[in-house]
Amino acid sequence: MMKVAIIGTGYVGLPTGVGLAELGNKVVCVDKIEDKINRLNRGELTLYEDGLEELFKKNVANGMLRFTTNTQTAVKDADIVMLAVGTPPHPLTKEADLKYIYAAAKELAPFLNGYTVVATKSTVPVGTGDEVENIIRQTNPKADFDVVSLPEFLREGFAIHDFFNPDRIVIGTQNDKAQKIMLELYKPFVGKSEFLCVKRRSSETIKYASNAFLAMKIHYINEMADFCEKAGADITEVAKGMGLDSRIGKKFLNPGPGYGGSCFPKDTNAMAQMGKKYGAHLTLIETTIAENDARKIKIGQRVIEAINEHPEGKIAVLGLAFKGGTDDCRESPAIDIIKEMIRYSRNIMVYDPKALENAKTILNNTVHYANSVEEACMNAEVMVILTEWEDFRHLNLTKLKKIMHCPKIIDMRNMLNGEDVKTLGFEYQCVGKKVI
Ligand code: UGA
């Protein structure tokens, strides 16, 4: 059993805290936002993740998991302090903004008590570990500690599943003592997961290089989809054929409206900036970023073209979240596509099973909000699917055909069976193939 303090209770900190408590560690989660900590202490979760609530309640009840705003009480007893605060993109430079990380390092330093590992879970540029170390040393010259990079690979919506089934655990330190402690913490995964102990700078790079590679993979399949549409091939068949090569792999070959979310856009930008900083231009990543942005504009225009006979006609949008299974609209392609459409149309009605409230804070009164698929599609000229919600696979198309003004569907997530949709009499466009 280890004593772990986690600074930051967001999408990384909270599931990690709950997971580590479930593995038998004594965990204290710290956050500056008092309201958040009060809610967590009342047994109320502050974010939704599948499977999180049950483990959260269990570990609070058995005393393995606590929440506080007081850094001192959490840090003084800890064997390991994890930094899991945000590293949002700087609005101007697009570099990762490290002010929260550095502030947390400064704040925790005076309370380190006995040998402590300070592990950075937040996604941070190469060299941040060195700076965290300097800050702690300057603030508390007597502190006995080591700084380790411990990148996180959890997906939003699957955080608990991914916590307990990691592909790999990367530990960035060349210090034996710190390495031993981290290996002890993750002992339950021995035999189930790959362990990789590397230099701190390699570990920091692995996180960005992985996210940027996945973003590029998505961009690649999106470009291939555009090619297939023009060349008369079918991207679903092509992706399947490619994915069967184990060197390529089946995952992340689903074409769509472009990647989004709080990680890929931020991390590709930060990686590109790092490339510039070190004079090693990352041209593939730079192109991916530019083309992923351009894709959303093109899709917005594709929808507008679909209503060119009735420019005043209603556009129904299904899906606002950046991916299915979450209410998160940060950097959602759906939102950017809608923003492009708004330049031409004020008759847009949107629906999402979970993300309506979050979308409202971004789109305000530029669009209308529907409480159901039917309400969104009523009298619509075209229906556009932008997020891969499972519900959208099972739409009552017979009914929708009756209530839409024009039976036209643009399915940017390839959710529907094209042949069925056509048989019902819809005009149908999807990604990377022509359904005849
Ligand atoms: C991503 C990574 O997958 C995680 O490993 C990583 O830990 C996380 O970022 C992070 O850095 O914190 P996440 O942002 O939750 O996780 O979302 P993904 O499931 O990776 O999807 C990202 C975007 O790519 C979504 O917009 C999704 O719709 C899109 N996508 C994904 C596709 O368009 N096609 C695909 O085949 C897969």
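1. Met2 touches Asn25, Lys26, Asp79, Ile80, Ile181, Glu184 and Leu185, leaving aside residues up to four places away in sequence. The model in which these contacts are found is a predicted one. Met2 sits in the segment before β1 (3–7), and with a relative accessible area of 12% it is buried. Met2 can also be set against Thr288, from which it is 286 residues apart in sequence and 42 Å apart in space, C-alpha to C-alpha.

2. Helix α1 (residues 13–22) is largely enclosed by the rest of the structure, because 9 of its 10 residues are buried. Those buried residues are Gly13, Leu14, Pro15, Thr16, Gly17, Val18, Gly19, Leu20 and Ala21. Just after α1 comes Gly24, which takes a positive phi of about 105 degrees.

3. Part of the surroundings of α1 is helix α3 (residues 52–61), against which α1 packs at an angle of about 55 degrees, with the two axes 9 Å apart. That angle makes α1 oblique to α3, and α1 passes α3 in a left-handed crossing. On the α1 side the contact involves Leu14, Pro15, Val18, Ala21 and Glu22, which meet Leu52, Leu55, Phe56, Lys58 and Asn59 in α3. Sorted by class, the contact of α1 with α3 has 7 nonpolar, 1 polar and 2 charged residues.

4. The axes of helix α9 (residues 200–231) and helix α10 (residues 235–243) come within 9 Å and cross at roughly 135 degrees. This makes α9 oblique to α10, and the crossing in which α9 passes α10 is right-handed. The residues that make the contact are Tyr220, Ile221, Met224, Ala225 and Cys228 of α9, together with Ile235, Val238, Ala239 and Met242 of α10. By class, the contact of α9 with α10 has 9 nonpolar residues, with no polar and no charged ones.

5. Helix α9 also packs with α12, here at an angle of about 45 degrees and with the axes 10 Å apart. The two helices α9 and α12 are therefore oblique to each other, and their crossing is left-handed. From α9, the residues Ala212, Ala215, Met216, His219, Asn222, Glu223, Asp226 and Glu229 meet Leu284, Ile285, Thr288, Glu291, Asn292, Arg295 and Arg302 in α12. The residues of the contact of α9 with α12 divide into 5 nonpolar, 4 polar and 6 charged.

6. Cys228 counts as buried, at 3% relative accessibility, and it is one of the α9 residues in the contact with α10. For Cys406, the closest cysteine sulfur is in Cys377 at 12 Å, again too far for a bond. The structure as a whole holds 0 disulfides.

7. Helix α13 (residues 333–342) is mostly covered, with 8 of its 10 residues buried. The buried residues in α13 are Pro333, Ala334, Ile335, Ile337, Ile338, Glu340, Met341 and Ile342. What do these residues pack against? Their partners are α12 (283–306), β9 (314–318), β10 (348–351) and α14 (356–363).

8. Two backbone positions deserve a look when the loops are inspected. Most residues other than glycine have a negative phi. Lys94, however, has a phi near 65 degrees, a positive value in a residue other than glycine. Lys94 lies in the loop between β4 (80–83) and α5 (99–108), and at 41% relative accessibility it counts as partly exposed. Asn379 likewise has a positive phi, near 65 degrees, and is a residue other than glycine. The place of Asn379 is in the loop between α15 (373–377) and β12 (380–385).

Notes. Residues numbered from 1 in each chain as written. Predicted model: local features only at pLDDT ≥ 70, side-chain atom pairs only at ≥ 80, totals over all residues. Heavy atoms only, no water. Disulfide = S-S within 2.5 Å. Buried < 20%, exposed > 50% of the residue type's maximum accessible area, 1.4 Å probe, protein only. Axes fitted to C-alpha atoms, helices over the stretch in contact; angles between N-to-C directions. Helix = DSSP H or I, 4+ residues; strand = E, 2+ residues; numbered from the N terminus. Parallel < 35°, antiparallel > 145°, perpendicular 65-115°, else oblique. Left-handed = near helix turned anticlockwise from the far one by under 90°. Contact = heavy atoms within 4.5 Å. Nonpolar A, V, L, I, M, F, W, Y, C, P; charged D, E, K, R; others polar.
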